[in-house]
Amino acid sequence: MSFLSLLFAAFFLILVVLYRIAVRLGERAALAQKVILLAASLVFYAFADLRFIPFLAYAIAISYFAGIFCKNKIALTAFVLADLAPLLAVKYVPQAANVRWIFPLGISFFTFQSVGYIADVYKKKIQAERNFLNIALFVSFFPTISSGPIQHAGNLIPQLNKAHNFDYDDATDGLRLFAWGLFKKLCIADRIALYVNYVYGNVGDQYGLALLFATILYSFQIYCDFSGYSDMAIGVARYLGFDVGKNFDRPYLSQSVGEFWRRWHISLSSWLRDYVYIPLGGSRVALPRIYINLMATFLVSGIWHGSTWNFVIWGALHGLFLCAERATKSARDKMKIPLWINVAVTFCLVAFAWIFFRAKNVSEAAAVVKKIAAAPTEILAFINMAKLDGLKDALHKMLSLTGETGGGVKNMVVNIAILAAFLAVQIATKERNGQLLIKKQKRIIRWTAYILLSAIISFHLFYNYTYQEKANTEFLYFKF
């Protein structure tokens, strides 16, 4: 069930009504709300595919029994391997044998969530949860089950044990987050997707300049797509009274790749830090070992995203970037490099790595890199083309701005204008809380902004319907 569907709107409306009725049950309110949420979570997940339910039930059962019986390292290893087994099978066995598996929605996310719970219980960070209902809802919590944010049991389970009355601030904050996520998905990510999908779908026929432009745009497509989903998930949870954390914090304003990973997919970054990097020794060991730990952590990140070598290379690149940053930190600190240069260099490194993430395989990624490397030599050809055919036709040819990419130069100018406005908002609010900033505005300013945003979103809902065969309406991270 997609957040973008009318079905979800109806589902959520019914849930909210039942959820608010349950509050009236007094001492039984918390239990009633948990039962309603669990039923809603199972319905939500079943709408993706009924065949996915056994995978979810398995993760719930493993989590519950592991919490109770995980008393030593042998038990820990056995339960973690058992927990990971379905994920490893559906993601990697088809690459090694001719076995066809279904790929359950969100399995990477709820499996890591379950593994984190088992590890936290073993380390005595939290007590084993003996309430099966709490474990079932922790693993299957519907706002986050599809693509996170990945939850820690120590954060979510205590929130499940109390009744949630209607709170105006939670409700309005949730609605604003959901609307902002919709804007990022529909008005930026899906518009850009038309161009990126076309260019990357025809790599052999593209100029290097087109592939360079598509790579830059893909960096923003995946950010707005994934952070848009996260905002919607966090907004839905917030409306119901739950704080599930932040998953993105303006990552493309980072001054280093290390900072990028503190701002990008925060729930996965913190999971990898807590359950891979620190257990390996983290930064408490000798420098060569730190480099090994960094590489191992980001290789796990790459493998988590996909079983093909391009994802492994993507993870390895980020590991190498972080090792290089650590090795050169003292020299760079002495140089006092301006902020904007650090931001630009970080973005270029991250965008380069995205080539391997977006490409179908390593050979296609290599072809993209080779063509982009030749892009500077195409600038002279572009200038000559513009003199002969005119600037508009030159842009059409060199950058592949055709009807297949959503409507030519004019449409791309609109895309860039929307993206520029979005980046301006990101920069203006980097050190400020956007929710508090909105609340401080006068009512007429707030409601003008709400109406304008609603109108833009409504237009793009129709826009996506018009281009439904080309637009990427599914969230990108659903395939992970």
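**View 1. Pro-149 lies in the loop between helix 7 (142–145) and helix 8 (153–160).** Helices here are DSSP runs of H or I with at least four residues, strands are runs of E with at least two, and both are numbered from the N terminus. Within this loop, Pro-149 is joined to Gly-148 by a cis peptide bond, whose omega is about 5 degrees. The model is predicted, and local features therefore need pLDDT of at least 70 and side-chain atom pairs pLDDT 80 or more, whereas totals for chains, interfaces and linings use all residues. Residues are numbered from 1 along each chain as its sequence is written, and side-chain values use heavy atoms, with hydrogens and water left out.

**View 2. Lys-124 and Ser-400 each have a positive phi.** Most residues other than glycine have a negative phi, and most peptide bonds are trans. Lys-124 has a phi near 65 degrees and is found in the loop between helix 5 (107–122) and helix 6 (132–140), where its relative accessible area of 72% makes it exposed. Ser-400, with phi near 55 degrees, belongs to the loop between helix 18 (391–399) and helix 19 (408–428), and because its relative accessibility is 9%, Ser-400 counts as buried.

**View 3. Phe-8 and Phe-44 form an aromatic pair.** A pair of aromatic rings is described by the distance of the centres and the angle of the planes. Rings of Phe, Tyr and Trp (for Trp, the six-membered ring) pair if their centres lie within 6.5 Å, and the pair is called stacked when the planes are under 30 degrees apart, edge-to-face when they are over 60, and tilted otherwise. By this rule there are 55 aromatic pairs in the structure. In the pair of Phe-8 and Phe-44, which is edge-to-face, the centres are 6.2 Å apart and the planes stand at 80 degrees. Phe-8 comes from helix 1 and Phe-44 from helix 2 (residues 29–46), so that distant parts of the chain, 36 residues apart, are linked. Phe-8 is buried at a relative accessible area of 4%, and Phe-44 is buried at 2%.

**View 4. Phe-226 and Phe-248 make an edge-to-face pair.** Their ring centres are 5.1 Å apart and their planes are at 80 degrees.

**View 5. Asp-173, Arg-176, Arg-238 and Lys-439 are linked in a network of salt bridges.** A salt bridge is a side-chain nitrogen of Lys or Arg within 4 Å of a carboxyl oxygen of Asp or Glu, and the structure holds 14 of them. Asp-173 meets Arg-176 at 2.6 Å, N to O, and, being three residues apart in helix 9 (residues 168–201), these two are separated by about one helical turn. Asp-173 also meets Lys-439, with 3.3 Å from N to O. Since Asp-173 lies in helix 9 and Lys-439 in helix 20 (residues 434–439), this second pair ties together parts that are 266 residues apart in sequence. Asp-173 is buried at 8% relative accessibility, whereas Lys-439, at 33%, is partly exposed.

**View 6. Two lysines sit over aromatic rings, Lys-91 over Trp-304 and Lys-185 over Phe-475.** A charge sits over a ring if NZ of Lys or CZ of Arg is within 6 Å of the ring centre and within 35 degrees of the ring normal. The charged end of Lys-91 is 5.3 Å from the centre of the Trp-304 ring, and for Lys-185 the distance to the ring centre of Phe-475 is 4.9 Å.

**View 7. Ser-63 is placed in helix 3 (residues 53–69).** At 0% relative accessibility, Ser-63 counts as buried. Its C-alpha atom is separated by 7.2 Å from that of Tyr-117, a residue 54 positions away along the chain.

Key:
Buried means under 20% relative accessible area, exposed over 50%, partly exposed in between (1.4 Å probe, protein chains only).
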